[in-house]
Amino acid sequence: MRLLYLRFYLGSLVVLFGFYLSGHYLLGLPFPTPRMLFQIALGTALGMGLGILYHRLWSLPPPGIGRVVRLFILLPPAFMLGIGLLILLQAQVALHYLIPLVAWLTPAYGSPEDSSLKRPS
């Protein structure tokens, strides 16, 4: 299970690093320095940790209004954590969007077993 989270973390980093690198060439954003890459890695780790914490406290409900309520409870603390980190690090990275996005996208590996899915022996 930890390897799956590591894979998700590394995949997220590849996508975000590629986004910032292509943003430099396509949109004129500043070239990603090692400090910016560290800030992206830190923001991704914090967002993923927050997502894992939310999955442990409140597992993903079936599709419906429960998911929407869960999303609106998840986003404000993640957004405020991103703003606080942005001010603290004086970052040029959109940490206030990155942390809620990663927290929202973090998958729930190892969800509790559903008793209805057990096969008769």
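Helices and strands here are DSSP runs, numbered from the N terminus; a helix needs at least four residues. On that basis the protein chain reads α-α-α-α along the sequence. The model is a predicted one. It holds four helices and zero strands. The C-alpha trace of the protein chain spans about 60 × 30 × 25 Å along its principal axes.

**Packing of α3 and α4**

Helix α3 covers residues 65–89, and helix α4 covers residues 95–105. Their axes lie 7 Å apart, at an angle of about 145 degrees. The crossing of α3 and α4 is right-handed. The residues that make this contact are tabulated by helix.

| Helix | Contact residues |
|---|---|
| α3 | L71, L74, L75, A78, F79, L81, G82, I83, L85, L86, L89 |
| α4 | L95, H96, Y97, I99, P100, A103, W104 |

What classes of residue form the contact of α3 with α4? There are 16 nonpolar and two polar residues, and no charged ones.

**A nonpolar surface patch**

A nonpolar patch of about 800 Å² is built from L53, L57, W58, I65, V68, V69, F72 and I73. Which elements give two or more residues to the nonpolar patch? They are α2, residues 34–57, and α3. The largest share, five residues, comes from α3. L53, one of the patch residues, sits in helix α2.

Key:
Residues are numbered from 1 along each chain as its sequence is written. This is a predicted model: local features need pLDDT of at least 70, side-chain atom pairs count only at pLDDT 80 or more; totals for chains, interfaces and linings use all residues. Side-chain values use heavy atoms; hydrogens and water are left out. Axes are lines fitted to C-alpha atoms, for helices over the stretch in contact, and angles run from 0 to 180 degrees between N-to-C directions. A crossing is left-handed if the near helix is turned anticlockwise from the far one by less than a right angle, and right-handed if clockwise. Contact means heavy atoms within 4.5 Å. Ala, Val, Leu, Ile, Met, Phe, Trp, Tyr, Cys and Pro count as nonpolar, Asp, Glu, Lys and Arg as charged, and the others, Gly among them, as polar. Patches are made of residues with over 30% relative accessible area and no salt bridge: like charges are joined within 9 Å, nonpolar side chains (Val, Leu, Ile, Met, Phe, Trp, Tyr) within 5 Å. Accessible areas come from the Shrake-Rupley method with a 1.4 Å probe; for residues, only the protein chains shown count as cover. A salt bridge is a side-chain nitrogen of Lys or Arg within 4 Å of a carboxyl oxygen of Asp or Glu.
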